[in-house]
Amino acid sequence: MSIQVLSEKIRALKSDWPDRWVSLRDVFKSCHERLGIAPPLDQRTSRLLAGGLSVSNFVEHSCKNMARKNKEPGYHSRLHTAIVLESLTALLLEQRQIDKLNTQSLIREEILLLVAMAGHDAGHNGSRNSSICQLESRSFRLIRPLLEAAECDERDIYAIKRIIWSTDPTLYEKLHNGARTTDFDLRKPSWQAVLCQEADILASAIPEFEKELTLSLADEWRKTDPMSAEGLLSRGGRTYFLSHYAKFSSPPALSFGLRDIVNDQLSKLQEQ
């Protein structure tokens, strides 16, 4: 999959939102099926997949309830989670091409990442962290009972917790720097975290989508932190995001040319 194909999928999701929206569970199902993750599976992986379907269904219905009260966040919505799942799937498929891996080689690791990102913003109310991993911890607390009900392996539940915590943007630089000291391996926790971080912000790094997504995030922040919201919309705000958060380190992200896309934007911003 190329960055152009991923962009088409993001456009399709945005076009369907919200009037022709299917469901987050359908998006999750489509992603794992494109990865060839389907029965028969070993028991541990099968339970993980069941947990992911349960988590995506929970996020869909909880956000839908918020939407009925006009409280679903403008940025951290079901649409964002769907875009993240599509971005993560694209990165995983690209990594398979790089490694020339059999499609069954790392299925458990791949589904683990999808489950984590399906739930990484569960219960998000549009607020911001006042302490490290505050919102991320709450998201994990909401989905843990679903993973336990699916009888997911405790090792996988812990890994999902770790991945969700790693999506706190203040941890991006440290985790990327740490991962870069080792060879890429989807079985390594550091690279799992990096790949999920990349998926989380990938769409915002693409010029076609950045303006609308930044406006949505600014609207979300404006309720509690109007000064930071205005800062997001400034030239300095965009420069800060690209310099500090758009850290693309994984082989599939580099293969997509994402670091070049970021550097090109930074060069143009410096010329303004």
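**Note on loops and helix packing**

1. Pro-18 lies in the loop that links helix 1 (3–16) to helix 2 (24–34); helices here are DSSP runs of H or I with at least four residues, numbered from the N terminus. The peptide bond from Trp-17 to Pro-18 is cis, its omega being near -10 degrees.

2. The model is predicted, so local features need pLDDT of at least 70 and side-chain atom pairs count only at pLDDT 80 or more, whereas totals for chains, interfaces and linings use all residues. Residues are numbered from 1 along each chain as its sequence is written, and side-chain values use heavy atoms, with hydrogens and water left out.

3. A cis peptide bond also joins Pro-39 and Pro-40, with omega about 0 degrees. Pro-40 belongs to the loop between helix 2 and helix 3.

4. Helix 3 (residues 43–68) comprises 26 residues and reaches 38 Å from its first C-alpha to its last, close to the 38 Å expected at 1.5 Å a residue (the expected span is 1.5 Å times one less than the number of residues). At its N-terminal end the cap is Asp-42, a side-chain oxygen of which lies 3.1 Å from the backbone nitrogen of Arg-44. Just after helix 3, Asn-70 has a positive phi of about 60 degrees, and this residue is in the loop between helix 3 and helix 4 (78–99).

5. Helix 4 and helix 5 pack at an angle of about 165 degrees, with their axes 9 Å apart; axes are lines fitted to C-alpha atoms over the stretch in contact, and angles run from 0 to 180 degrees between N-to-C directions. The two helices are therefore roughly antiparallel (angles under 35 degrees count as roughly parallel, over 145 as roughly antiparallel, 65 to 115 as roughly perpendicular and the rest as oblique). The contact (heavy atoms within 4.5 Å) involves Thr-81, Val-84, Leu-85, Leu-88, Thr-89, Leu-92 and Arg-96 of helix 4, and Glu-110, Leu-113, Leu-114, Met-117 and Ala-118 of helix 5.

6. Helix 5 (residues 107–118) also packs with helix 9 (residues 189–205), at about 45 degrees and with the axes 11 Å apart. This pair is therefore oblique. On the helix 5 side, Glu-109, Leu-112, Leu-113 and Met-117 meet Gln-192, Leu-195, Cys-196 and Asp-200 of helix 9. By class, five nonpolar, one polar and two charged residues make up this contact (Ala, Val, Leu, Ile, Met, Phe, Trp, Tyr, Cys and Pro count as nonpolar, Asp, Glu, Lys and Arg as charged, and the others, Gly among them, as polar).

Note on methods. A polar contact is a pair of N or O atoms within 3.5 Å; within protein, one must be able to donate a hydrogen and the other to accept it, and residues adjacent in sequence count only if both atoms are side-chain atoms.
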